Amino acid sequence: MSKYKYIIRDYHAIKEAEIKLDGITVLSGINGCGKSTLSRWLYYLINGAKGFETFLFEEYKDKIGHILNRIQIACVDLERLIRNDDLLDKTSLYNLIKITNEFDFVKYKRNIKIETIERLFLQALYNTKRFLSETMSMDLPDTRKARIFNYLNIDVEDKNFNQAIECFFEQNARLINKLSSQLKKDIKERDRNKFFDLINEHFEIQNDIPSFIQLEEDDVDIIEKEHISTLFNMQQAVYIDTPMAVEMGDTENILWKALRDIMINEEQIDEFSLKEKKLMLRVKGILEGETVLEKGDLFKTNSLRYVSKDKKVNILLKDAATGFKTFSYLQRLLENGLLNDETLLMIDEPEAHLHPQWIVEFARLLVLLNKELGLKIMIASHNPDMVAAIHDIANKEGVLENTNFYVAQPENPKSHQYIFKDLGHDVGEIFESFNIALDNIGRYGRVDL
């Protein structure tokens with residue numbers, strides 16, 4: 001099983017953090033010390049490194065789709081002007097529309113090949129050339145012709161219309177070759193700057209990139225000086241900053257949307273292992289019921305419902321108690337086969353909205369997910385019950401060796417930057433930080449502010 005180290009230095013509230021990801025990692029610290037920042041950037045790195053080729057291909061298809069869309073708009077507008085002319089052969093236009101529709105369909109397929117995109121683009125280009133050549137020979141005002149050419153970025157200067165159309169065809173044929181060659185080059189080189197540009201766009205990152213950030217897999221840097229290496233044994237990260245995200249419909253929050261998409265995904269692994277079945281039964285036992293996927297139709301998206309064991313309660317999950325949502329996302333992640341030794345599960349304050357007894361039950365589930373399935377987990381917690389439960393249950397289950405605790409401490413008494421201190425398996429300093437709040441209770445009630 002691979003081991004990971006995650007490092008950020010001098011970024012916003014974080015002075016230094018070197019975080020081991022061997023099994024279960026617990027981060028503790030006051031609000032604003034950078035725990036969520038650590039989680040988000042780790043999410044970006046893992047999913048960005050694994051999705052790098054996909055992001056490149058999406059960018060490639062978007063550029064080609066933009067060109068095809070402009071071509072179709074121009075040609076359809078031309079057809080409208082001469083719709084009643086019986087001399088116009090519209091075969092090329094119909095073929096163009098058919099091809100662009102086919103492109104719109106295949107661009108969402110997972111295993112589409114570059115050669116397929118090239119073929120469709122060249123076919124569309126050929127039909128555009130034929131249609132424009134025919135329409136430009138008809139009796140249309142030069143101003144209308146010039147407007148179409150200008151929209152398509154066709155240079156007519158010192159050329160007649162037919163020559164300009166031929167140049168347009170040749171230029172775009174060269175363009176598709178250039179774009180395809182660049183895509184293959186980018187996939188091969190995995191350029192560092194290109195990587196950060198892509199994740200910035202894909203995840204809609206609002207802040208600057210850390211000046212120093214690194215992820216190591218088995219002591220090998222993933223972020224090299226000029227390139228991004230491939231992660232071998234970490235397929236994805238799942239980040240949950242609030243259980244409320246599972247009920248969100250349309251949302252601009254990329255992380256919430258990603259979790260929501262996972263939760264309502266209809267795909268489910270065909271066969272569960274005995275360990276997975278036992279863990280799912282444990283979750284359902286705690287819930288005294290289960291979360292079920294209700295499939296939508298053409299006008300309604302999939303939704304989630306909580307159904308009690310006796311079937312007397314059957315409600316939308318968004319209407320259930322928030323604590324139910326906390327266990328529900330574990331159930332759905334298990335059912336979708338995402339909780340395994342190639343996934344990192346990150347949760348901010350998993351104890352939020354949980355009864356003290358359920359805090360212990362949730363901690364036990366996390367420990368068992370690590371022990372039985374090899375799931376790597378990183379949680380940020382303010383709660384002494386959660387920290388104590390993770391520590392003690394991990395010890396009893398024999399996985400404390402791979403459970404690491406960190407506490408955020410200010411660089412100095414006046415600093416707003418924090419160093420995440422590695423406590424190993426000892427939680428004593430975390431509880432000392434909790435006790436500061438108790439000590440401060442004695443100050444309450446004074447008249448001074």
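The model is predicted.

Start with strand β3, which covers residues 24–28. Is this strand mostly covered or mostly open? It is mostly covered, and five of its five residues are buried. In a regular strand, side chains alternate between the two faces of the sheet. Look for that pattern here. Ile24, Val26 and Ser28 point one way from β3. Thr25 and Leu27 point the other way. Both sets are buried.

Now look at the partners of β3. Which strands are joined to β3? One is β11, residues 376–380, and four bridges make the link. The other strand to find is β12, residues 403–410, joined to β3 by five bridges. β3 and β11 run parallel. β3 and β12 run parallel as well. Leu27 stands opposite Ala380 in β11. Thr25 stands opposite Asn404 in β12.

Next come the helices. Two packed helices are described by the angle between their axes and the distance between the axes. Take helix α2, residues 52–81, and helix α3, residues 91–106. Their axes come within 10 Å and cross at roughly 150°. How are the two helices oriented to each other? An angle over 145 degrees counts as roughly antiparallel, so α2 and α3 are roughly antiparallel to each other. Their crossing is left-handed.

Which residues make this contact? From α2 come Lys61, Ile64, Gly65, Leu68, Ile71, Gln72, Cys75, Val76 and Glu79. From α3 come Leu93, Leu96, Ile97, Thr100 and Phe103. Sorted by type, the residues of this contact are nine nonpolar, three polar and two charged.

Some of these names return around Thr128. This residue lies in helix α4, residues 114–136. Leaving aside residues up to four places away in sequence, Thr128 touches Ile71, Cys75, Leu96 and Phe168. Ile71 and Cys75 belong to α2, and Leu96 belongs to α3. Why does Thr128 count as buried? Its relative accessible area is 0%, and buried means under 20%.

Finish with Lys107. Find this residue in the loop between α3 and α4. Is Lys107 buried or exposed? Its relative accessibility is 18%, so Lys107 counts as buried. Again leaving aside residues up to four places away in sequence, Lys107 touches Glu58 and Lys61. Lys61 is also one of the α2 residues that meet α3.

Conventions:
Residues numbered from 1 in each chain as written. Predicted model: local features only at pLDDT ≥ 70, side-chain atom pairs only at ≥ 80, totals over all residues. Heavy atoms only, no water. Buried < 20%, exposed > 50% of the residue type's maximum accessible area, 1.4 Å probe, protein only. Pairing = 2+ DSSP bridges. Contact = heavy atoms within 4.5 Å. Axes fitted to C-alpha atoms, helices over the stretch in contact; angles between N-to-C directions. Parallel < 35°, antiparallel > 145°, perpendicular 65-115°, else oblique. Left-handed = near helix turned anticlockwise from the far one by under 90°. Nonpolar A, V, L, I, M, F, W, Y, C, P; charged D, E, K, R; others polar.
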